[in-house]
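Here are my notes on the model, point by point. Have a look at it first, then read on.

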Amino acid sequence: MAESSESVVRIPDAKVALSTASVYPESTATAFEVAARLGYDGVEVMVWTDPVSQDIEALRRLSDYHQVPVLAVHAPCLLITQRVWSTDPWVKLQRARAAAEKLGASTVVVHPPFRWQRQYAREFIDGIWRMAGETDVRFAVENMYPWRYRDREMLAYAPEWDVSKDDYRHYTIDLSHTATARSDAMEMIGRMGDRLGHVHLADGRGSAKDEHLVPGRGTQPCAELLEHLARTGFDGHVVIEVNTRRAMSAAEREADLAEALAFTRLHLASSARVR
């Protein structure tokens, strides 16, 4: 008599969160509402010029009201946030860590320094290790990309835009950034190894612009990455960080974010044959 087999579905412990940046130009408060309505596991708060994103008590109230936990805090590392939470980059990270601890978030996402932040860049790797040793919160350093204009390229980040070449306790991989850098995302993940602690899921086509397309609409190995996470028992967070600025309505924006969530859950569910 032939042995029978059946399919089972293994779903990793990874939670799927919505970046509050994904509803821009809508507010941080709107992101909590959308995340709750669509069934996301939580949010990643992008700390930027929206006052609510900088206010821990306001974020706590939103989290409690919508029953949507804050899973990660993205430190204010962008050009437009250079004066948010101080002009001192180390103070920004200290405040991001304090926010994560108070909100129960497990991860602080941080970009490598801009090259013109020379002292910060020189101290960055050692400083991140030091701060990581002072808390249970993960400092997950995110891959970036060269800046391009026509046929010219500028290396804007230091020590490296490809953070997998440097020594950090935890990494964030962003697949829109690998598209813009025209780098191999799966090779980068291989270099990160078990230090990959956080994922920004988006897509891109290799444009010089950081596109942050809905997963599946570009050329990046979004499905392959998620299936890899499922096989390897990834226990970090997968954060949908997409650009919905061109949405013509709230309904169109939510449809994009629902599609991104469905894509992510589908590919995190890895089928395995057992006897």
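1. Which residues make the nonpolar surface patch of about 430 Å²? Leu79, Ile80, Trp116 and Met154 do. Patch members have over 30% relative accessible area and no salt bridge, with nonpolar side chains (Val, Leu, Ile, Met, Phe, Trp, Tyr) joined within 5 Å; areas are Shrake-Rupley with a 1.4 Å probe. Met154, at 40% relative accessibility, counts as partly exposed (buried is under 20%, exposed over 50%, partly exposed in between).

2. Before going further: this is a predicted model, where local features need pLDDT of at least 70, side-chain atom pairs count only at pLDDT 80 or more, and totals for chains, interfaces and linings use all residues. Numbering starts from 1 along each chain as its sequence is written, and side-chain values use heavy atoms, without hydrogens or water.

3. The fold has a closed barrel of eight strands, S2-S3-S4-S5-S6-S9-S10-S11, with parallel pairing (a pair needs at least two DSSP bridges; strands are DSSP E runs of at least two residues, helices H or I runs of at least four). S4 (residues 70-74) and S5 (residues 107-110) share three bridges, and Val73 sits opposite Val108 in S5.

4. On to the salt bridges: there are twelve, each a Lys or Arg side-chain nitrogen within 4 Å of an Asp or Glu carboxyl oxygen. One of them joins Asp162 and Arg191 at 3.0 Å, N to O. Asp162 is in the loop between S8 and S9 and Arg191 in H6, so the pair ties together parts 29 residues apart in sequence. Asp162 is buried at 4%, whereas Arg191 is partly exposed at 41%.

Notes. Patches are made of residues with over 30% relative accessible area and no salt bridge: like charges are joined within 9 Å, nonpolar side chains (Val, Leu, Ile, Met, Phe, Trp, Tyr) within 5 Å. Buried means under 20% relative accessible area, exposed over 50%, partly exposed in between (1.4 Å probe, protein chains only).
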